[in-house]
Amino acid sequence: MDAPEPDQTPFEAVSAQTSRLGRIYQSYLDKSTPYTAYRWIGTTVLLLLFFLRIVLAQGWYIVCYSLGIYLLNLFLAFLQPKIDPSLTQDEGLEDGDAGSSLPTKKDEEFRPFIRRLPEFKFWHSSTRAIAISFFCTWFSIFNVPVFWPVLVVYFLILFSLTMRRQIQHMIKYRYVPFSFGKARYDQRSGH
């Protein structure tokens, strides 16, 4: 009763299927890249479904709070420049090179704003976190009894303090992470 050995071990078969599913998932992500508005509309709908689930079930407040803290963290990373001007200015002072900050005069070199967390990664991480949180609301183990008004007040205080600090940082180092208020030039005419 000598049976021929299989071509793959079970581990290799599972690994091959996981790799194949990962490639399919990545191809869908790649196809969705140019559709920024539709991606964010889908994420907003998912977030609204999550909030509706929280309100109707009247529970899972700790999951909602954790999601809020995570989304706040992602949003702050999205607002910050990749190279923090306060850190480069401090390093420049130590090295004797104070000219490595953002331009403050018209004759200084312009450097575009590069985000610490790009928009696509921000969207992907946010959507994945909302989906995981929505999934967690279907299991009673995550329904930890808490007094939700305390969580709401604590989140609002945390949000206001961190956003105030971020806005002060943006004003101090003169950078704007959004492009809707900036001048646009026509590419055809060169102006």
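Trainee: What should the 25 residues of helix H6 (residues 148–172) span, at 1.5 Å a residue?

Mentor: The expected span is 1.5 Å times one less than the number of residues. For H6 that gives 36 Å, and the end C-alpha atoms are 36 Å apart, which agrees. Helices here are DSSP runs of H or I, at least four residues, numbered from the N terminus. This is a predicted model, where local features need pLDDT of at least 70, side-chain atom pairs count only at pLDDT 80 or more, and totals for chains, interfaces and linings use all residues. Residues are numbered from 1 along each chain as its sequence is written, and side-chain values use heavy atoms, leaving out hydrogens and water.

Trainee: Which residues in H6 are buried?

Mentor: An α-helix has 3.6 residues a turn, so residues three or four places apart point the same way. Buried means under 20% relative accessible area, exposed over 50%, and partly exposed in between (1.4 Å probe, protein chains only). In H6, the buried residues are Leu 151, Thr 162, Met 163, Gln 166, His 169 and Met 170.

Trainee: Why does Tyr 35 count as partly exposed?

Mentor: Because its relative accessibility is 48%. Tyr 35 sits in the loop between helix H1 (10–32) and helix H2 (36–57).

Trainee: And what comes after H6?

Mentor: Arg 174 follows H6, and its phi is positive, near 55°.

Terms used. Helix = DSSP H or I, 4+ residues; strand = E, 2+ residues; numbered from the N terminus.
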